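Let us read a structure together, one feature at a time.

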Amino acid sequence: MRRLALAGATALAAPVCAAAPVASLVIASAADTADAIAPDAEIIVVGDAIRAGRIAGSTALVSETDLQRSRVFTVNDALRQVAGVFPRDEEGAGARPNIGIRGLNPVRSTKVLLLEDGIPLGFAPYGDNASYYHPPIERFRRIEVLKGAAQVRFGPQTIGGVINYITPDAPEAFTARVTGSVGNRDTANVDAVVGGRALGGGLLLHVNHKQTDGNRDNQHLRFTDIFLKGSWELGADHGLTLKLSRFREDSQVSYSGLTRAEFAADPRGNAFVNDDFQAARLNATLSHRWRLADAATLKTTAYYHHFTRDWWRQSSNSGQRPNDSSDPACGGLANLATTCGNEGRLRDYDTWGVESRVSLDHDLLGLGIGGETEFGVRFHEERQRRRQWNGDTPTARTPGIGVNGGVRENNERDASAFSAFVQSRLEFGPVAIIPGLRGEFIDYERRNLPLDVIAGGRPTGAQTAPSSARQSVDKLLPGVGVTWDVAKSVTLYGGVHRGFAPPRVEDIITATGGGVDLDAELSWNWEAGVRGSLIKGLKADATFFVMDFSNQIVPQSVAGGVGTTLTSAGRTLHRGGEVSLTLSSRDAGWTGAETDLYARLATTWVADARYSGTRIGIAPCFDGATPGTPVLTGSGPVPCGQARDVRGNRLPYAPEWLVTGAVGVEHRGFTGQVELVGQSSMFADDVNLIPVTPDGQRGRIGGWAQLNVALAYGPPQGKWEVFVSARNLTGRLFVIDRARGALPGQPFMLQGGVTVRY
């Protein structure tokens, strides 16, 4: 199958390389052209507003201006400005984002494809698409979000959507900027940028250090990110971009949430003061643009990531108090800081690949049909090394010999993938038809290395025999979209495409080398919408969507289990709508150039996110209830402890409503903004249990809203600026997650700082 795929891709690419020339499809903004050195070698996902208007799917752009006006501290703050996107907080720093789209479970952003300048940001998008790392939001100048049929240009995940972070280009003239801010909860942020012409091109260096206690006590998160970008024009037809980055995290942070009693006593408490998270990421990306001729442009990007993280913890969920409690030397929380051991979840990832894309302009080729065509191929490799070392003391960093000690996991997991796609835009006057096809061909391998043999709960000194196994997944993913320019500034769009998310290595190959009956996620996704300017200065985008899954994969914890093990939810159905509005008095001509009264609104309505096929769930019995005792669920009282079909129940972590709105003013260097963010209630399990269980892991999560304020002043075109921001201005307490126990939301946060430019 792979030979056929490669041969087909080669056959498609060969005539492209010999085709008559075409200009690049990228449309650069005037500001980019005038103020930055941009050789146009990177992959474009959405592009500017003009290009976004040609896409047969819903798109969103969070601009640099939007980020500055809001004074965002984390990526979650930024993504809440996008309709359809549900960024669920965790520790309060956005370091491990949980991003859901259109009612999909947000845990570890597994249903979303995260990109940086069009290249996978995740450390294992095929074999373990979980976000345990995220760069500081300050690294990026804007964010693009793409949903709908146009997703077939990217992969492997084509279900929820694509989030692409755009890094800034090197400035044409020498520029330096330093921003420093401090706040409550031991929050500090230092951000520095310097760039200009150097080494025959342009260089940009960005350094960020951030720290905060986040949402809970007895935790402290620290991050340092160094990013270097260089761009060179190599004659009229070639451009080169090189990016290098190093990220380091050194955090005291826990994995477990709180029990019901613990949350009632101290909602921001954390008993596990010795939990420790260490992570590092190295990245190198080299992109090349070759204008083959006036009608064809070839872009090729090679990338490499190395990511390592060690998470030493004494509890992984609220049912472990602590995880070593079965050892008589530990016994329970009373000895947590003295004789209780810990668990080290140790991970190393190496990811590399090369991707080439060719764009063709139909008009310049003289095909008689307007539009453009893009072909692409990618070779991608992932290597994982996973170990679990259980120590004998609270601060152990080596395997122990106690009851729960030893090497409990030791394996290597590989994913090798070849993918190819083609998408064409065929224009017939105001109507464009945009068919596309993507192929994903994946090989998995798991090598189980020797583990300690356990007898009587203790390592015996003997080890298990190694084993290995392989599996493959091949999928073709079609899609087609339509746009219709019904007026000068109004476009109707719609499309349908095959949604796909590959299984993790551990979900398709067991620890003993056997196969797992957990197929890749597949769905049919429909979308229809309208976007444009209703009146001058007022822009709108409204979308209706349907996602029909034949096999949605969900975390075991939302099915009454514990941990991150996945299970099939079977057939599920998502339906709803999104509305985005932006208003600018400056664009409308109501005020002069010095003043802008602006507003924005992003609303998501997930009318349906439900189990549409047979699924068996069991409501728990607790607080002295015996099997058969009625417990309250979203569908009414049901007997606890008895299996029943939960078809029609709402999917966990799928709030019906998400709303973010802001109003603000800019005037002669002053900016002031008030923002309201909120969501409706949601369930934490498949039976839609309403009362909270003693472990805090099940029960309805109430809706919430918070008020944010940001103020800034700096002389127009000046060299300095001061700012202050407050988030959750009223200090409202709310729960954001129950998967591993109750986690509190963002507390009142106050920050102030200054920016100096040269």
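The dialogue below takes up aromatic pairs, charges over rings, salt bridges and a sheet.

Q: What kind of model is this, and how are residues numbered?
A: This is a predicted model, where local features need pLDDT of at least 70, side-chain atom pairs count only at pLDDT 80 or more, and totals for chains, interfaces and linings use all residues. Residues are numbered from 1 along each chain as its sequence is written, and side-chain values use heavy atoms, with hydrogens and water left out.

Q: How is a pair of aromatic rings described?
A: Two values describe such a pair: the distance of the centres and the angle of the planes. Rings of Phe, Tyr and Trp (its six-membered ring) pair if their centres lie within 6.5 Å; planes under 30 degrees apart count as stacked, over 60 as edge-to-face and the rest as tilted. By this rule the count here is 16 aromatic pairs. Phe-123 and Phe-307 form a stacked pair, with 4.6 Å from centre to centre and 5° between the planes.

Q: Where do Phe-123 and Phe-307 lie?
A: Helices (H or I, at least four residues) and strands (E, at least two) are DSSP runs, numbered from the N terminus. Phe-123 lies in the loop between strand E6 (119-120) and strand E7 (142-146), and Phe-307 lies in strand E16 (residues 296-313), so the pair ties together parts 184 residues apart in sequence.

Q: Are Phe-123 and Phe-307 buried or exposed?
A: Buried means under 20% relative accessible area, exposed over 50%, partly exposed in between (1.4 Å probe, protein chains only). Phe-123 and Phe-307 are both buried.

Q: Which type of pair do Phe-174 and Tyr-758 form?
A: Their pair is edge-to-face: 5.7 Å centre to centre, 70° between the planes. Phe-174 sits in the loop between strand E9 (170-171) and strand E10 (175-183), and Tyr-758 in the segment after strand E39 (749-757), 584 residues apart. Both Phe-174 and Tyr-758 are exposed.

Q: Which residues form one aromatic cluster?
A: They are Phe-123, Tyr-133, Phe-223, Phe-247, Phe-307 and Tyr-349.

Q: What lies over the ring of Tyr-132?
A: A charge sits over a ring if NZ of Lys or CZ of Arg is within 6 Å of the ring centre and within 35 degrees of the ring normal. The charged end of Arg-309 does so, 4.2 Å from the centre of the Tyr-132 ring. Arg-108 also lies over the face of Tyr-132, at 4.4 Å from the ring centre.

Q: How many salt bridges does the structure hold?
A: A salt bridge is a side-chain nitrogen of Lys or Arg within 4 Å of a carboxyl oxygen of Asp or Glu. The structure holds 66. One of them joins Glu-409 and Arg-347, with the closest N and O atoms 3.7 Å apart. Glu-409 lies in strand E19 (residues 406-428) and Arg-347 in strand E17 (residues 342-361), so this pair ties together parts 62 residues apart in sequence. Both Glu-409 and Arg-347 are buried.

Q: Where is the salt bridge partner of Arg-386?
A: The partner is Glu-506, at 3.6 Å, N to O. Glu-506 is in helix H8 (residues 505-508) and Arg-386 in strand E18, 120 residues apart. Glu-506 is partly exposed, at 23% relative accessible area, whereas Arg-386 is buried, at 8%. Shared partners join Asp-128, Arg-347, Arg-386, Glu-409, Arg-413, Arg-504, Glu-506 and Asp-507 into one network.

Q: How do strands of a sheet pair?
A: They pair through backbone hydrogen bonds, either parallel or antiparallel. Two strands count as paired if DSSP finds at least two bridges between them. Here 5 strands form an open sheet with mixed pairing, in the order E2-E7-E8-E5-E6. Strand E2 (59-62) and E6 stand at the edges with a single partner strand each, so one side of each has no neighbour in the sheet.
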